Amino acid sequence: MGLGFKLFGRPILSLMDSEKAHRRAIFLLKVTSGFFLGRFLLKILYKPRNLTSELFGFKFPNPLGLAAGMDKNAEAMTGWETLGFGFIEVGGVTEHEQSGNPKPRMFRADRSKALINRMGFNNLGSEKMAIALDRGPKLGIPVFLNVGKSKKTKMEDAHTDYATTVRRCEPFVDGFVVNVSSPNTPNLRDLQNEQDLERIILEVKKFSGSKPVLVKISPDLSNQQILGIVDVGLKLECEGIVATNTTTTRPDSDAPMQEAGGLSGSPLNTRSTEVIRLIADHTDGNWPIVGVGGISSADDAWQKIINGASLLQIYSTLVFNGAGVIKQIIHGLEKRVRDAGLSGIEEAVGLARR
Ligand SMILES: Cc1cc2nc3c(=O)[nH]c(=O)nc-3n(C[C@H](O)[C@H](O)[C@H](O)COP(=O)(O)O)c2cc1C
């Protein structure tokens, strides 16, 4: 076990079973990356070689990003970049500040390498988030903002809640992810119906400028429902899709699995890849897909790429395997690209479909 894992992997691993510990891990990363020497050490320990790609007019040093929910209030942005992520997604942010659901609301199912959370969009709210982003570091990697709906906002006003957050934060981020798929805000997933989704996207697009708008979907929808959402996204010229959010299904019976909330991590991997393939087939590989859900190895990542994902994200595996998993995945992907005789990762996207 390397020093890097002991320093950062294990603290994140062992502390993340409580939310307080999650906060401490973010704080540790923020502090360490706040000093030149800290960044220097983090880079030596963790930063992978480049595996570049281009999408949405951005250059990504590698296709692996930080998934939404890990850094809800954009506190440790320099840290994530220093650890080697190719891009990050901060948030979910809602129009209004809110404290989320009662604690405890985050659980680990170790045997299954899964997390269950029912956070309920605890976040600073769009006003404070805009200030934090404005004052925060300017990164060399793309930063996306995950946008949700405030609990107190009525369902019929959901579109203005999303759009207000986008309007306030637009100057400070590179793109948006419209999150209508978190299971922990009452009825949020109902907004995945075509009519409501259309209204939200149209309103968001009024304020997103030239920046990409992606939709994030649930893995629990039927394939037909997913394709309905894809068609709405295509019609309204969304730049792509993030597949998938957490699941409310419970693939096995590990004790904490009985907790209510969204499940992430290994048990989500198969369905998430299936959804990616479904969308890639439906769009003939012409609509960018960000693949997320249960990636914990280069193999998982490669499967998502060759089934149609252009970019990837991770959350849960950071908790179980530490920050070293970033390098492990990127270097593993690099090897697979080389072994397949390809010139770069972009050539691998959708390879299994050809
Ligand atoms: C504690 C926690 C909070 C999350 N919060 C958000 C969120 O605010 N918005 C969102 O779109 N996804 C959120 N997610 C879902 C992740 O972004 C990701 O889609 C999911 O965890 C699957 O990836 P993984 O298996 O690599 O963890 C959250 C996940 C966890 C575990």
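**Close-up views of a predicted model**

**View 1. F56 sits in a loop between two strands.** You'll find F56 in the loop between β1 (53-55) and β2 (58-60). Helices (H or I, at least four residues) and strands (E, at least two) are DSSP runs, numbered from the N terminus. F56 has a positive phi of about 50 degrees, even though F56 is not a glycine. What makes that worth a close-up? Most residues other than glycine have a negative phi.

A quick note for every view: this is a predicted model, so local features need pLDDT of at least 70 and side-chain atom pairs count only at pLDDT 80 or more, while totals for chains, interfaces and linings use all residues. Numbering starts from 1 along each chain as its sequence is written, and side-chain values use heavy atoms, with hydrogens and water left out.

**View 2. D284 also has a positive phi.** Follow the chain into the loop between α9 (269-282) and β12 (289-292), and D284 is there. Its phi is positive, about 50 degrees, and D284 isn't a glycine either. D284 counts as exposed because its relative accessible area is 55%; exposed means over 50%, buried under 20% and partly exposed in between (1.4 Å probe, protein chains only).

**View 3. The bond from G91 to G92 is cis.** Here the peptide bond linking G91 to G92 is cis, with omega near 5 degrees. G92 belongs to strand β4 (residues 87-93).

View 4. As a rule, most peptide bonds are trans. T244 lies in the loop between β10 (240-243) and β11.

View 5. For S316, a polar side-chain atom lies 2.6 Å from an oxygen atom of the ligand. How much of the ligand's accessible area does the protein cover? The protein covers 98% of the 610 Å² that the ligand has on its own (Shrake-Rupley method, 1.4 Å probe). Two elements, β6 (114-117) and β11 (262-265), are the ones that give two or more residues to the shell around the ligand.

**View 6. Which residues come nearest to the ligand?** There are 24 residues around the ligand, meaning that each has a heavy atom within 4 Å of it. A68, N146, G265, G294 and S316 come nearest.

**View 7. V319 is buried in a helix.** Helix α11 (residues 316-321) holds V319. Is V319 buried or exposed? V319 is buried, with a relative accessible area of 0%. R108 is 211 residues away along the chain, yet the C-alpha atoms of V319 and R108 are separated by 9.2 Å.

View 8. N122 is in the loop between β6 and α5 (126-135), and N122 is buried at a relative accessible area of 15%. Its C-alpha atom is 8.2 Å from that of V93, 29 residues apart along the chain. S253, in the loop between β10 and β11, is exposed, with a relative accessible area of 57%. S253 and S310 are 57 residues apart in sequence and 33 Å apart in space, C-alpha to C-alpha.

Key: A polar contact is a pair of N or O atoms within 3.5 Å; within protein, one must be able to donate a hydrogen and the other to accept it, and residues adjacent in sequence count only if both atoms are side-chain atoms.
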